[in-house]
Amino acid sequence: MGRAVDIGRAAFTTSLNLMSATLFSVEFAPFNSDSSQEMRDVVWGVMKNIGSPNLADYFPVLKRADPQGILRETTVYFEKLFAIFDRIIDEKLKTKTSGGEKSDLLEALIDLHERDELSRNDIKHLLLDLFVAGTDTTSGMVEWTMTELLRNPEKLSRVRNEITDIIGENKQVQESDIPRLPYLQAVVKETFRLHPVAPFLVPHKAETDVEINGYIVPKNAQVLVNVWASGRDSGIWPNADSFLPERFLDHKYDKIDFRGNDFELIPFGAGRRICPGLPLAYRMVHLMLATLVGNFGWELEESVKPQELDMNEKFGLTLQKAIPLKVVPTKL
Ligand code: HEM
């Protein structure tokens, strides 16, 4: 038997590289490199700290004392990321040509900086937001989907057969192919339903008193939307705890999408603050899954049975697998 691959780790490196290629036109990290793992530790550390209840939020007098050390620890993580971004910005300044078409987001941001419309600090904070929001979320989603598929081998085969039938053998799935793969899309929706990577979305605050369904949400209250619970609500979803992508091919559910219009499935939020990375995440998640399933067979390590795969969750701001999924790739 071959060597097992840590799917979450490989997906994280891919997300990191897709994001850095989009933002800076460079690939950030080779696979199996320490730099990718270091970046993952930093992103996970930030997520854990932002997601932890902070006593200082409830008792502002404690803010300076920072009793749980959350602010101190987060500052260390931020500084690590800012040092990396400083290196990348300096490199870009050396190679960038003035005027003309911009080849990536960073060049456009540097242009604004040179016109005094954005400080270097603004650029670094914007990049930090995008990296923290976009890497761990997409790779976590890929890991949960692969876990569900490995627990349900007949559904894994159905995804693979769809790719071979519609795209052809030995061909790579392209972005433009995604709408032609309805079963893969149903698998992704079903995973978002059961494992929303941001289970409480992101904390919001009520600007005024609002009444919703007879309940008053008072001004300034912190509002968390429990999409994890609505995804498992048996009043909305029959067999709510089972992984049944087929439900999204049924005429009763096939119009339900996660773009913020169908409130029973809003893993990216909805309305004005809906995730701005949704279109990119949509492409990244489907392409990574199609590549993993379309190009390799996957076997569980000896002695692990599909139904015994660990499904425990670990909660920061995002919901990750507590025990990483490790599987052995085989030739198809
Ligand atoms: C599977 C992948 C992803 C999921 C599930 C996800 C989910 C979310 C959610 C739930 C929010 C909060 C919405 C709210 O306030 O109610 C959010 C915000 C955000 N996301 Fe994503 N996201 C993903 C990928 C990405 C990617 C790839 C990017 C960057 C390119 C990104 C950038 C952002 C940013 C910048 C915000 C903050 C927006 C704001 O505060 O207005 N996300 N995301």
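Two residues are in contact when heavy atoms of the one lie within 4.5 Å of heavy atoms of the other. The legends below describe close-up views of a predicted model.

**View 1. Thr137 and its surroundings.** Thr137 is a residue of helix H6. When neighbours within four places in sequence are left aside, Thr137 is in contact with Val197 and Thr318. A polar atom of the Thr137 side chain also lies 2.7 Å from the backbone oxygen of Ala133.

**View 2. The two domains of the protein.** Domain 1 covers residues 8-140, and domain 2 covers residues 152-295. Ten residues of domain 1 and seven residues of domain 2 take part in the contact between them. The C-alpha centres of the two domains are 25 Å apart.

**View 3. The area buried between domain 1 and domain 2.** About 660 Å² is buried between domain 1 and domain 2. Carbon and sulfur atoms contribute 84% of this area. On the side of domain 1, the residues that lose the most area to domain 2 are Leu18, Thr137 and Thr138. Together, these three residues account for 50% of what that side buries.

**View 4. The side of domain 1 that touches domain 2.** Which interactions between charged or polar groups cross this interface? Two elements, helix H1 (7-24) and helix H6 (120-151), each give two or more residues to the side of domain 1 that touches domain 2. Helix H1 gives the most, with five residues. By residue class, this side of domain 1 holds four nonpolar residues, six polar residues and no charged residues.

View 5. Cys275 is placed in the loop between helix H9 (227-231) and helix H10 (278-295).

Note on methods. Residues are numbered from 1 along each chain as its sequence is written. This is a predicted model: local features need pLDDT of at least 70, side-chain atom pairs count only at pLDDT 80 or more; totals for chains, interfaces and linings use all residues. Side-chain values use heavy atoms; hydrogens and water are left out. Helices (H or I, at least four residues) and strands (E, at least two) are DSSP runs, numbered from the N terminus. Domain bounds come from an automatic or database domain assignment. Buried area is the accessible area (1.4 Å probe) that two parts lose on being put together, summed over both. Ala, Val, Leu, Ile, Met, Phe, Trp, Tyr, Cys and Pro count as nonpolar, Asp, Glu, Lys and Arg as charged, and the others, Gly among them, as polar. A polar contact is a pair of N or O atoms within 3.5 Å; within protein, one must be able to donate a hydrogen and the other to accept it, and residues adjacent in sequence count only if both atoms are side-chain atoms.
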